[in-house]
Amino acid sequence: MIRKVVLYMIPVLHTEKLCKSFSNGAVQQHVIKNLDLEIMEGDFTVIMGASGSGKSTLLYALSGMDKPTLGKVFFGDTEIQDYTNDQLAVFRRKNCGFVFQSIYLLENQNVLDNVLTGAFAVQKNSPALIKRVKELLAKVGLDEAMQKKYPNQLSGGEAQRVGIVRAVINEPKILFADEPTGSLNSASGRDVLDIFTGVHENGQSIVMVTHDIKTALRGTRVIYLRDGKVVGEHRMAKYGEDDLKERREKLTGFLDEMGW
Amino acid sequence: MKIFRLSLFNLKRNKREAAAIVFLTLVTTFLMATFAVSITQIDSAFDRAFEETGCADFILLFQADKYRDIYRDILEEEYNVTDVRESSVLYGAGASALSKQGESIAYNMIFVDENTERKMENFQKLNAFPDDEIEKLSHPIWLPQYFEITAGYAPGETFTFVSGGRDYPFTIAGFYNTGLYNSSSMLKCIVSDDDMVLLSAVYEEYRLIAFDTEKKFSYEEYYEKCFAKSNENVLSAVIPLDKDTEKLVETAYLAVFLYMSVFFSIVTMISALFLILHKISKDIEEQMVQIGVLEALGYTSRALSLSYICEYILTGGVGAVIGGITAAAFSPVMDTLTRGMMNRDVHTDVNILRILIVVIATIALVTLFALSRAARVKKLPPVVAFRKGIKTHHFGKNILPLEKMRHSINIRLAFKGIGNDLRSNIGMGICMIAAGVAIMFSVYTFDFFKSGYNGLIGVLGMETPDINIIMMNGVNGEKFCDEIRKFPEVEKVLLTRAMGDYVEIKGCNQSAAVFSYADFSLTDNLRLKAGRFPEYDNEIMISARREKTENRHIGDSIIIKGDVCEKSYIITGIVTAMNNNGISVYMTEDGYRRIRPNDRPNAVEITLKNEEDRPAFTDKLTALYGASAKDTTYAQTVQGSLEERIRAKADEKMAVLISQYGVTDVDYAIRIGDTVISGNSSRFVIKEISSMKDFLKSQMASIAVVTKTFSFCAVIFIAVVVAVILGIIAVSAVKRQRREFGIMKSMGYTSRELMTQLTLRVLPVTIVSSCIAAVLSVWVQRAFWMAAFGVQIPESLPLMIGTTAALVLYCLIVTYISAGSIRKISVTELMTE
């Protein structure tokens, strides 16, 4: 128990004066402004904010999907903002896992191969790895028969579960998720969130963007973004360790305070 | 209008692909139209020259001493020829001359005076000195246009013949238009009457018979009639020429190049059609949802199909029209090229109709192919289109499952990708095979000609010694050869017969040039295609062309007709032989004597240890064995002591006896007071001395340069076409699989890895098609060489393997570079779409 508390205090990722701007012709749009942020190891950070507040932009800047315009991004002690695209790709495959709202499975590959494509980017083929992939897939409810199916034969929830397994198979330091339940019905969404909770319980650091309160409830830390700045932060116990009703009320209160 | 707008929209979206199709159709139309226009211009250039000069249809050159009046009578009686024109001319087989650069070169030349020229044809002067200037020239010469166009001479320049160590300089009075004798195989020069007398000491006298006939004229039939009436075989004593032969000789290579350009245009056409099919398929696939939306909005599938077809009519049409215009604009350049290759002025009247036909045919072909593929839109009702077509739903077997991957994930993923795009790969394979054949064939050809005409010499099918000597009648050849062998400069001496010796083959209407050696194993330049050299007197070897055209094989019997008898021979070998248009046969000396028992070898071929010694050694031989007897006949030695002058005069008298009366041995003794000056004709061994190498230079050097340049340009051109095809395929694959690559990037695959994957996807198809192309290119090369030169050149396995490997590597590099657009795929943009 003590060990966990210590773990929470180590920042796995932090930014210094992070800025991200987009230019559209002569118009310059500053989406993230001088942002200093720390993501702690083992934390389940939820980024919330109104549409256009820069949630996804922040997620991509943190994860090395995109380069910041200014400022620094430290992954541990390593600065990644000056990496080339290929260096960032190598960095991502070793350190990050991604779950997207649109799922983005490779349509020409079956469930097993979709996960293995991610796995083999980092790990060598071995019976142990194959076994682990299959076990993980089975754990999220995708049995052998399902593993042979192609993405277009899966429901949204099933596909997203594949996406999560693919994201965690390399045991990333941080799992990034961009509205993972956004395109799912409520039942499928709940299943997916349960998986996230399970993964987090195993010590996985997660950064998730959402504008859904039910999803945000799964986190341990909620940061609220407005006009590219963190305007508020709300800490919670691990999901299931406190009273859900009280948890919801506190979060709702926080969000109301933020002008949600 | 709506359809047109949709087409324009697609064109704007895919500018690069549209530009590639315009380029390929442009090149196709240009090459095809150039061929269509030029192929007729070749004929018309000759027909015009024949008409302008009024030259005879046929000319027969008989060795003066073997000519009989009965031969002319046969023409008049049997062929109803009414206007036989007769005259005396001089003929120099491999006549040595100095090139503009002062190098030794040799031509087959006939010399005529102006009267003879006017008998044969209209003496049509072209580029000439002013008449008053010509009158002042001591040795004026009129050269055929060949020397102006190919050799670059100008009026007023000196043209020098060399014989017996003496120079015979002439001043070029001008050039003239001639119907016949303007090809590298035989050239006609017009000299003054005095110079005809001078040159008669150097060159052989021939009787020229020029005639036109309405009746079908066959040389073989005519020779048989001559033999029947004179009981003398004229085959080896006559050199025939006619309009068709002249045309064939001069246009053969040009026609080959034009047909090669057609081959290249077919390659580009295949590429263009493949790109069109590929692009329509991918467009439909990519725009499936859009098609569904448009259909839902009320656009008919027919209208949508038409929008695709319209797009290609536009691109193909633009390319074809520009290609057609370029071909028309290119015709003056083509005239210059054709002029250089045919040695004649060519004026192309641009045949608009032919160009138009090619343009329309190209557009029609493009439309047809576009139509066939665009019809697929009809199979996509809105609901199916919304679901991105049933084909995107994968129910098939998982090819190359990653579970069983052993080595690199990038290789595995690349190979998995191949199966997903099988149809494109097949199309690309066909393109690559066509392009590969063209590129490999061009490389082989370039390699063959890289060291000038040396390659051609290797397939000549005859020896190419440094020095060729024709001996006087009655000279003991063996003894003379033994003497020559003793010189330290000499490497090898072979006794044989002078070129131009022909025999008839029973059952074949084409006579054969015959080569005979006592021992073929001593030859260096006879390359066996199959079998072995003849060793016994009943064995014979034939050329590869004869093998093919007459369907004769090793082990077959062949009957050779001699002067008075015919004998059977067994074919023991097939030799690569380009000489005499590939109609040669080869037999042992003993074998030759079976048909011509009284005919002794009259030629000596000398190979020197060091080719550089040739001029000095030629002078040495001339000094020791006399200049040619005919030359000595007119030598004017008036210097020196009395004895020297007496000996010179005696030489001159002997030379006259030998060269003009057929005397073989002369001894003389002159007493002056107490002194007796004696001598004999042993010094008069050499009748003619020349160099086959010089002759080959005039015959083959320009062919080698043109072919080498053409094949080099072809390699570059096809390489560009291959780059365009692969580039477009790679770019369209990146565009189409942008989402897939984006996902892969998000998983941590680098751009380089994805570029490598895309490159590896084309690897199997490139390797397979390059290997097929390598095999086919050998076949194409064989067919080309057999058709163009009547020979089969040896294939170089290392070159073939090297070219195949280079082609595969080139394809991979081009694909990798073209796949560079993967770098531009932004994961963030993809995710936020």
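Among contacts (heavy atoms within 4.5 Å) in chain B between residues at least 6 apart in sequence, 81% join residues at least 24 apart. The model is predicted, so local features need pLDDT of at least 70 and side-chain atom pairs count only at pLDDT 80 or more, while totals for chains, interfaces and linings use all residues. Residues are numbered from 1 along each chain as its sequence is written, chains are lettered from A and ligands numbered from 1 in the order in which they are written, and side-chain values use heavy atoms, with hydrogens and water left out.

**Chain B as a whole**

- Chain B has 27 helices and 24 strands; these are DSSP runs, with helices being H or I of at least four residues and strands E of at least two, numbered from the N terminus.
- Along the principal axes, the C-alpha atoms of chain B fill a box of roughly 125 × 60 × 50 Å.
- Of the 833 residues in chain B, 55% are buried; buried means under 20% relative accessible area, exposed means over 50%, and partly exposed is in between (1.4 Å probe, protein chains only).

**Where the two chains meet**

- On the chain A side 32 residues are in contact with 36 residues of chain B.
- The size of an interface is often given as the accessible area lost when the parts come together.
- Here chain A and chain B bury about 3,000 Å² between them, with 54% of it on carbon and sulfur atoms; this buried area is the accessible area (1.4 Å probe) that two parts lose on being put together, summed over both.
- Asp86(A), Tyr104(A) and Tyr150(A) supply 20% of the area that chain A buries against chain B, more than any other three residues.
- How many salt bridges does the rule find across the interface of chain A and chain B? There are five, each defined as a side-chain nitrogen of Lys or Arg within 4 Å of a carboxyl oxygen of Asp or Glu.
- One salt bridge joins Lys134(A) to Glu403(B), whose closest N and O atoms are 2.7 Å apart.
- Three elements of chain A, α3 (85-95), α4 (111-120) and α5 (127-139), each give two or more residues to the side that touches chain B.
- The most comes from α4(A), with six residues.

**A closer look at α4(A)**

- Ten of the ten residues of α4(A) are buried, so this helix is largely enclosed by the rest of the structure.
- Its buried residues include Val111(A), Leu112(A), Asp113(A) and Phe120(A).
- What covers the buried residues of α4(A) includes α5, α6 (144-147) and α7 (156-168) of chain A, together with α14 (409-420) and α24 (738-746) of chain B.

**Nonpolar cores**

- In soluble globular proteins, nonpolar side chains tend to be buried together.
- The largest nonpolar core has 112 residues, of which Leu456(B), Ile718(B) and Trp785(B) touch the most other members. Such a core is a set of buried Ala, Val, Leu, Ile, Met, Phe, Trp, Tyr and Cys residues joined through side-chain atoms within 4.5 Å.
- Helix α23 (residues 692-736) of chain B gives the largest share of this core, 18 residues.
- Not counting residues up to four places away in sequence, Trp785(B) touches Phe448(B), Phe449(B), Leu456(B), Gly790(B), Val791(B) and Ile793(B).

- Ala701(B) sits in helix α23 of chain B and counts as partly exposed, at 24% relative accessibility. Ala701(B) and Leu456(B) are 245 residues apart in sequence, yet 9.6 Å apart in space, C-alpha to C-alpha.
- Ser205(A) lies in strand β8 (residues 205-209) of chain A. Is Ser205(A) buried or exposed? Ser205(A) is buried, with a relative accessible area of 1%.
- Glu179(A), in the loop between β7 (174-178) and α8 (186-201) of chain A, has a phi near 45°, a positive value in a residue other than glycine. Glu179(A) is buried, at 12% relative accessible area.
- Asn231(B) has a phi near 60°, also positive in a residue other than glycine. Asn231(B) lies in the loop between α8 (219-230) and β11 (238-242) of chain B and counts as exposed, at 56% relative accessibility.
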